[in-house]
Amino acid sequence: MTSMAASSTTKIAWRLQEFEAHSSSISCLALGKSSGRLLATGGEDCRVNIWAVSKANCIMSLTGHKNPVESIHFNVSEEQVVAGSQSGSIRVWDLEAAKILRTLMGHKANITSLGFHPFGDFLASSSMDTNIKLWDVRRKGYVFRYKGHTQAVRSLAFSPDGKWLASASDDCTVKLWDLAQGKTITEFRSHTAAVNIVQFHPNEYLLASGSSDRTIKLWDLEKFTMIGSLEGDTTPVRCICFSPDGSCLYSGATDSLRVFGWEPDRCFDAVPVSWGKVSDLAICNQQLIGVSHQLSSVSSYVVDLKRVKKSGGAVIQGIIQDDQPLTEPKKDPKGAALRKNYERPTTTCRSQRLKHRSESDRRSPEGERRSPSEDEADEKLSSAEIHNAEDYKAIFQPKSAISRTPPKMSEPFPAPPEDESILAISRQLKDIKSPFPDKQQGPPLAASTPVVRVEPTVISAVKRPSPPAAGTVSSSHPAPTQPPVTAAKSKPQLKIISSARNEPIGLNVADFLPSSPNHRSGALSDEEALTQMKKGHETMCVMLSSRLKNLQTVRGVWTRDGIKIALDTAVSMSDPSIVVDILNIINPQPSLWKLDVCMTVLPQLDKLLQSKYESYIQTGCTSLKLVMKHFWTLISDTLKATPSVGVDITREERHQKCRVCCKQLKNLSNIVKNKATQVGRHGSTFKELQLLMAPLDDSP
């Protein structure tokens, strides 16, 4: 087996494994950045599960949250993990002692991001309530509350010297906070869409931020100016990670990894990686580990950084051509080499921090509302269930006291064989069992079901075990037994068709794989297999041809008469997919929107928000957020304004449009409130919208 793996000399990126991690959908996950070998997942089942990367056996399952887990993070030593829930509660677990360490209460809405201080016992959290709080883990209350963002904060990062905190928000800004003073140092405003991730350079006074505007901005923290804008990603930037020596920056987006340099801005390499919407990155042993989740399963991927270009590259002035030779740029003596470096703290810093913390502790009234007896009762309900004692002892309880935890694993993950055969896949498929026996495995949707996003039906979409060289999923090690979910049975809900599916719709891929010797009689002939594959094909072709024709008609109207008439034309076709296609074009471009466009779009959002297709719901939510963010102030001010003297036709028309939009928004607000009661990521999205639409309750 080893020789087979060693024979692969050309693979740059590969999937390490895919496994079922929870009994219901996964909400969040995080890698341990120090080792790159630990993974924590949080789910709608209210659990936090701890895994060793490359093994599909759960090491430990942490319980205690009463609501879905929305955010999760390891501390620097990977001895503690913190998880925030949909209700706003935060729990910190000690992984070595396998017990709950602290429950922190104070946020009033979903926890959106978490971060451990690089040293000391401090923790930062942000919520949908737009507040950021700094906690002392050894006390119940928060030390400081930082207010200033106007929308949800999506990412938090402490500076390497522990003096600053950076926050990235949906309000398109990045803020830098002074921890000791509890105030904003500066605010960066160059992004044009939500900022998803923020990261400090490991050594220099440099900050990177990745956004849904598909760019990464680099900020000089001495001059507080932007020194680079890295472009090239074709989808929102989801993760960023500096190389350990700080020489380059890795950017994770949907199905791609890019390697960037700055001063001057350039792209060294672009690597296609089929990880979908990657959620976290870590670097270890010259390998980059990326993890993503779909529904209840987790996938991990490896990129061999030894085979990735980390120098050269053309200066970013458009799309870089991969087939052109890359030339090494001249070194700029006035560049990053002269930038200030962080000073690591001396041992006296700790006593100063403790003194400051005790003086500031009185600033935390909300955290002190619970009595000690309430905390004790709550923490008794929280537990750490060890499911794999052998791995737990090896990682969290090393025999030698000198050994650091988790242990530094020096062996990189071996690449799989290049010529992996379908026969080998089919042999392993029959041995795969879901680690959650109570989980209902429903049949695939019928081929005639209309699909919004038409995706290629390929065998590689099948969930399969990782190659033997990287560690296989063994059914002999059961995952934790999950409590049966009964709420769904009592309240039937509309079945949402996910926009990201693990299996092709309308086809059973196992039908096209060579069957095992024990089941030769049931094997499909070539003719039967082709018939099965063609089922529904003609219907789908007719539907897609009609959709293309309609879109071409709308495009022609848009070119001739403008966006308003084009939208009216799309609506008149009575095909929601056409409306969704147009909205997906104009949603990233707020400058195209006017009050007239809002009047046309808002009535359509009613259908989209209540659709059974997840992609329709997502598009509808994005449009509604845009309208509230860019037009609500105008609508509200216009309706509250005192009537002008005389006849003002323009003002009357605007007043009428605002009145119509306000009425439509109030109708949508009722839908949003009902949907916000749902459990899971859809409920979380609608709760965020509900907060954004709160001003409607005070409108006339």
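Reader: Which residue in S27 stands opposite Val278?
Author: This is a predicted model, in which local features need pLDDT of at least 70 and side-chain atom pairs count only at pLDDT 80 or more, whereas totals for chains, interfaces and linings use all residues. Residues are numbered from 1 along each chain as its sequence is written, and side-chain values use heavy atoms, with hydrogens and water left out. Strands (E, at least two residues) and helices (H or I, at least four) are DSSP runs numbered from the N terminus. In strand S27, the residue opposite Val278 is Ser292.

Reader: How many bridges join S26 to S27?
Author: Two strands are said to pair if DSSP finds at least two bridges between them. Strand S27 covers residues 287-294 and runs antiparallel to S26. The number of bridges that join S26 to S27 is six.

Reader: In the open sheet S18-S19-S20-S21, which residue in S21 stands opposite Asp220?
Author: This is an open sheet of four strands with antiparallel pairing, and its edge strands, S18 (195-200) and S21 (225-231), each pair on one side only. Strand S20 (residues 215-220) pairs with S21 over six bridges. In S21, the residue opposite Asp220 is Thr225.

Reader: Where does Asn285 lie, and is Asn285 buried, partly exposed or exposed?
Author: Most residues other than glycine have a negative phi, and most peptide bonds are trans. Asn285 is not a glycine, yet its phi is positive at about 55°. Its place is in the loop between S26 and S27. Buried means under 20% relative accessible area, exposed over 50% and partly exposed in between (1.4 Å probe, protein chains only), so at 28% Asn285 counts as partly exposed.

Reader: What is the relative accessible area of Glu78?
Author: Glu78 also has a positive phi, of about 65°, although it is not a glycine. It lies in the loop between strand S6 (69-74) and strand S7 (80-85). Glu78 is buried, with a relative accessible area of 0%.

Reader: Which loop holds Pro264?
Author: The peptide bond from Glu263 to Pro264 is cis, with omega near 5°. Pro264 lies in the loop between strand S24 (256-261) and strand S25 (266-272).

Reader: Are helices H8 and H9 roughly parallel or roughly antiparallel to each other?
Author: Helix H8 (residues 537-561) and helix H9 (residues 563-572) pack with their axes 7 Å apart, at an angle of about 155°. Contact means heavy atoms within 4.5 Å, and the residues that make it include Trp558 of H8 and Ile565 of H9. Angles under 35 degrees count as roughly parallel, over 145 as roughly antiparallel, 65 to 115 as roughly perpendicular and the rest as oblique. H8 and H9 are therefore roughly antiparallel.

Terms used: Axes fitted to C-alpha atoms, helices over the stretch in contact; angles between N-to-C directions.
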